[in-house]
Amino acid sequence: MADSKVALIVGAGEATGGAIARRFAREGYTACVTRRTVGKLAPLVAQIEAAGGKARAFGSDARREEQVVELVQAIERDVGPIEVCAFNVGGNVRFPIRDTTARVYTKVWEMAALAGFLAGREVAKVMVPRRRGTILYTGAPASLRGGKGFAAFAGAKHALRALAQSMARELGPQGVHVAHVVIDGAIDTPFIAENFPERYKLKEQGGILDPEAIAENYWRLHCQPRSAWTHELDLRPWMEPW
């Protein structure tokens, strides 16, 4: 097994997930990044390597138990020990309750709740024997309250938050830091720029979330001494109402 420390980012998209991968890679971690379609990860891997970091891409469906089991085993065997796992799978959809099908509700729950359980369980299996490690879950305002039209998303995110709490209470005494991050506000992404141009203009005032700033907070959570661990952290722009 290689000696490189690993940061596993489950759901390494173009914004938050990618920024987290880049931040840990700058600290010498091998960023193991995953998406269902491995080809979409090529630009992120190239970017990390161009900056002098190390990255590995894995095509893996976080909702499928056998794929998550194989992912963690492969990384531990071929890359290095997983020191941190950041779970960043989305699932934000909006439907009136009468238009929310069982298929939609189930899929969102699988993405944001079941997948978080599978990733957390598997990395806990390798972290607990070493009595160290960090598991970070990306949450949202829907983790705390159910908004109009967000029954599926809120149900899944509430479940993910409860999972993080349960895991923190169980794994903390065994040396594993589990934290849940509530990201509240628009994030600087092409989607926001294209679909909400007026809101995107707030970027000039620091009014939307910078993925790099989000990633910095994930890094700091990982670096916290165990005498003062944060379990839940909320991040929002200074002008965001809450």
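**A chat about the chain**

Author: Happy to! Let's start with Met127, which has 0% relative accessibility and therefore counts as buried (buried means under 20% relative accessible area, exposed over 50%, partly exposed in between, with a 1.4 Å probe and protein chains only). Before going on: this is a predicted model, where local features need pLDDT of at least 70, side-chain atom pairs count only at pLDDT 80 or more, and totals for chains, interfaces and linings use all residues. Residues are numbered from 1 along each chain as its sequence is written, and side-chain values use heavy atoms, with hydrogens and water left out.

Reader: Thanks! Where is the place of Met127, and what does Met127 touch?

Author: Met127 is in helix H4. Helices (H or I, at least four residues) and strands (E, at least two) are DSSP runs, numbered from the N terminus. Leaving out residues up to four places away in sequence, Met127 touches Ile82, Glu83, Val84, Cys85, Arg132, Gly133, Thr134, Ile135 and Val176; contact here means heavy atoms within 4.5 Å. Met127 and Val176 are 49 residues apart along the chain, and their C-alpha atoms are separated by 6.9 Å.

Reader: Let's zoom out. How many helices and strands does the chain have?

Author: The chain has eight helices and seven strands. Its radius of gyration is 17 Å, close to the 18 Å that the globule rule gives for 242 residues, so the chain is as compact as a globular protein of that length. That radius is taken over C-alpha atoms, and the rule is 2.2 Å times the number of residues to the power 0.38. Buried residues make up 50% of the 242 residues. Among contacts between residues at least 6 apart in sequence, 71% join residues at least 24 apart.

Reader: And the nonpolar core? Which residues in the largest one touch the most other members?

Author: Of its 32 residues, those are Leu8, Ile75, Ile135, Tyr137 and Val178. A nonpolar core is a set of buried Ala, Val, Leu, Ile, Met, Phe, Trp, Tyr and Cys residues joined through side-chain atoms within 4.5 Å. Elements that give two or more residues to this core include strand S1 (6-10), helix H3 (65-78) and helix H4 (102-130). H4 supplies the largest share, eight residues. Apart from this core lies another, of 31 residues, among them Ala12, Ala19, Ala21 and Phe24.

Reader: What is Leu8 in contact with?

Author: Setting aside neighbours within four places in sequence, the contacts of Leu8 include Cys32, Leu71, Ile75, Val84 and Val123.

Reader: New topic: helix H1. How many of its residues are buried?

Author: Ten of the eleven residues in H1 (residues 16-26) are buried, so to speak mostly covered. Among them are Thr16, Gly18, Arg22, Arg23 and Phe24. Just after H1, Gly28 takes a positive phi of about 95 degrees.

Reader: Which residue has a positive phi although it is not a glycine?

Author: Arg131, with a phi of about 60 degrees. Arg131 lies in the loop between H4 and S5, and is partly exposed, with a relative accessible area of 46%. For context, most residues other than glycine have a negative phi.
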